[in-house]
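Below are my notes on the model, as numbered points. Please read them with the structure open.

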Amino acid sequence: MRIDKMLANIGYGSRKDVKKLLKAGAVKIDGTVIKDAKQHVDPETQLVTVYGEEVEYREFIYLMMNKPPGILSATEDDRQETVVDILEEEDQIFDPFPVGRLDKDTEGLLLLTNDGQLAHRLLSPKKHVPKTYYARISGEVTDADIEAFSKGVTLEDGYHTKPGQLKILSAGPVSEIELTITEGKFHQVKRMFEAVGKKVTYLKRLTMANLVLDETLELGEYRELTDEELEALMQYEKKSEL
């Protein structure tokens, strides 16, 4: 990797800014001053310093966000705020993107990363990655709905969903439920309940694969995955290939 690209990627400014650092003799590789922006470096085996401070290079970033309502699950939008917009600049420089999407008015667990391979594997329809949601439903959810969801329901466009695991937390004029599905069709949870004559009034994602929302995160807050969470996610993804 070129030294200017490496330093720019981890927040030392633009390529132009990095060239100024190089020209000033501030950058060393294994103790040797480097002024050539095209100089290649292996951050895994070589020591890079800027003004004497060791540079810790990271290629990937993995963030768990408690997505707030009203924010788009996108990297950029000309008119509306996105989940990337609410990240700190030190995290934005890694160019993370949301893994999958939550509707604008939906809250809860959202994984953001710049690891394209992991994202692709988690989103692949062939993987059947489970996602669990909590929802409030206008209308009484019944055992008949549990049975219907267990077989899949037919949406308004004729698509028949894969089976979903529906759990009733409380039933009444406004019911509370948890639903686990293995697909990610557009507005799928809302459309599944519409298929049985009910309406979702509040929706929050709790889990994705084996990643569980940290309930201490306020809406709009996020943090990096712990080593344990990342390892578990990687192990889950590998098992799904078997």
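1. Ile177 is in contact (heavy atoms within 4.5 Å) with Tyr133, Tyr134, Ala135, Ile137, Val141, Leu166, Lys167, Ile168, Leu169 and Phe193, leaving aside neighbours within four places in sequence. The model is a predicted one, in which local features need pLDDT of at least 70 and side-chain atom pairs count only at pLDDT 80 or more, while totals for chains, interfaces and linings use all residues. Residues are numbered from 1 along each chain as its sequence is written, and side-chain values use heavy atoms, with hydrogens and water left out.

2. Ile177 is also among the residues with the most contacts inside the largest nonpolar core, together with Leu112, Leu179, Val189 and Phe193; this core has 28 residues. Two or more residues each come from β5 (62–67), β7, β8, β10 (174–181), α6 (188–195) and β11. A separate, second core has 18 residues, including Ile10, Ile34, Ala37 and Val48. A nonpolar core here is a set of buried Ala, Val, Leu, Ile, Met, Phe, Trp, Tyr and Cys residues joined through side-chain atoms within 4.5 Å. Buried means under 20% relative accessible area, exposed over 50%, and partly exposed in between (1.4 Å probe, protein chains only). Helices (H or I, at least four residues) and strands (E, at least two) are DSSP runs, numbered from the N terminus.

3. How many of the six residues of β5 are buried? Six of the six are, so β5 is largely enclosed by the rest of the structure. In a regular strand the side chains alternate between the two faces of the sheet. Both faces of β5 are covered, with Tyr62, Met64 and Asn66 buried on one side and Leu63, Met65 and Lys67 buried on the other.

4. The strand β5 runs antiparallel to β7, and six bridges join them; Lys67 has Gly108 as its bridge partner in β7. With strand β13 (residues 222–224), β5 is again antiparallel, through three bridges. There the partner of Leu63 is Glu224. Strands count as paired if DSSP finds at least two bridges between them.

5. Thr113 belongs to strand β7 (residues 107–113) and is buried, with a relative accessible area of 0%. A polar atom of the Thr113 side chain lies 2.7 Å from the backbone oxygen of Ile61, and the side chain also reaches the backbone nitrogen of Asp115 at 3.0 Å. Both are polar contacts, that is, pairs of N or O atoms within 3.5 Å; within protein, one atom must be able to donate a hydrogen and the other to accept it, and residues adjacent in sequence count only if both atoms are side-chain atoms. Not counting residues up to four places away in sequence, Thr113 touches Ile61, Tyr62, Asp95, Pro96, Phe97 and Val99.

6. The whole structure holds three aromatic pairs. One of them is tilted: the rings of Phe60 and Tyr62 have centres 6.4 Å apart and planes at 55°. Phe60 is partly exposed at 32% relative accessible area, whereas Tyr62 is buried at 9%. Tyr134 and Tyr202 form an edge-to-face pair, 6.0 Å centre to centre with 65° between the planes. This pair links distant parts of the chain, as Tyr134 is in strand β8 (residues 131–138) and Tyr202 in strand β11 (residues 199–208), 68 residues apart. Both tyrosines, Tyr134 and Tyr202, are buried. Rings of Phe, Tyr and Trp (its six-membered ring) pair if their centres lie within 6.5 Å; planes under 30 degrees apart count as stacked, over 60 as edge-to-face and the rest as tilted.

7. The charged end of Arg136 sits over the ring of Tyr202, 4.2 Å from its centre. Arg58 lies over the face of Phe94, at 5.3 Å from the ring centre. The criterion is NZ of Lys or CZ of Arg within 6 Å of the ring centre and within 35 degrees of the ring normal.

8. Six of the eight residues of α6 are buried, so this helix is largely enclosed by the rest of the structure. The buried residues of α6 pack against β8, α5 (143–151), β9 (165–170), β10 and β11. Just after α6, Gly197 takes a positive phi of about 80°.

9. Ala209 has a positive phi of about 55° although it is not a glycine. Ala209 lies in the loop between β11 and β12 (211–212) and is buried, at 14% relative accessible area.
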